[in-house]
Amino acid sequence: MTSFFSIECSVNFSERRRDSRRRLDQGNAARVPRVSRLMALAIRFGDLMRSDEVTTYAELARLGRVTRARMTQVMSLLSLASDIQEEILFLPPTRKGRDRVQLRHILPIAALSDWREQRVRWKSLSP
């Protein structure tokens, strides 16, 4: 026996775009910046490696379906000073447009071994 049912809901569409596709109107929705999500991921992956559940970046990359190079980029965030990591985790939500702080801005800072220099560079980058 087959039963049918229907669901009714309202969906708001914003104005038409030039390419005539419609997109859902998200209103005043905010999203967590991508670099904050990557930082959280790096911390989680670091925990997995410390607990020996995963032994190499290559294994993490396979599990995450990304390249080893990308995994290395994400894991390099762990070399940042702990206070910078915390600030990245708690960046304000992005309401419209691009994130103000992007991974490409942070990777050169993470490459520095001196945490004092990292902090100076981070302060000049911070919103």
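**Entry 1, the chain.** I kept in mind that this is a predicted model. I counted six helices and zero strands, and reading along the sequence gave me the pattern α-α-α-α-α-α. Of the 127 residues, 25% are buried. I then looked up the accessible surface, which comes to about 9900 Å², with 51% of that belonging to carbon and sulfur atoms. For contacts between residues at least 6 apart in sequence, I noted that 61% join residues at least 24 apart.

How are α2 and α3 oriented to each other? I found helix α2 (residues 57-64) packing with helix α3 (residues 68-75) at an angle of about 105°, their axes 9 Å apart. That angle falls in the 65 to 115 degree range, so α2 and α3 are roughly perpendicular. On the α2 side I listed Tyr57, Ala58, Leu60 and Ala61, which meet Arg68, Met71, Thr72 and Met75 of α3. Sorted by class, this contact has six nonpolar residues, one polar and one charged.

Is Thr94 buried or exposed? I placed Thr94 in the loop between α4 (82-89) and α5 (103-110). Its relative accessible area is 8%, so I wrote Thr94 down as buried, the cut-off being under 20%. Leaving out residues up to four places away in sequence, Thr94 touches Ala29, Ala30, Arg31, Pro33 and Asp99. With Asp99 I also found a polar contact, side chain to side chain, at 2.7 Å.

Terms used
Residues are numbered from 1 along each chain as its sequence is written. This is a predicted model: local features need pLDDT of at least 70, side-chain atom pairs count only at pLDDT 80 or more; totals for chains, interfaces and linings use all residues. Side-chain values use heavy atoms; hydrogens and water are left out. Helices (H or I, at least four residues) and strands (E, at least two) are DSSP runs, numbered from the N terminus. Buried means under 20% relative accessible area, exposed over 50%, partly exposed in between (1.4 Å probe, protein chains only). A polar contact is a pair of N or O atoms within 3.5 Å; within protein, one must be able to donate a hydrogen and the other to accept it, and residues adjacent in sequence count only if both atoms are side-chain atoms. Contact means heavy atoms within 4.5 Å. Axes are lines fitted to C-alpha atoms, for helices over the stretch in contact, and angles run from 0 to 180 degrees between N-to-C directions. Angles under 35 degrees count as roughly parallel, over 145 as roughly antiparallel, 65 to 115 as roughly perpendicular and the rest as oblique. Ala, Val, Leu, Ile, Met, Phe, Trp, Tyr, Cys and Pro count as nonpolar, Asp, Glu, Lys and Arg as charged, and the others, Gly among them, as polar. Accessible areas come from the Shrake-Rupley method with a 1.4 Å probe; for residues, only the protein chains shown count as cover.
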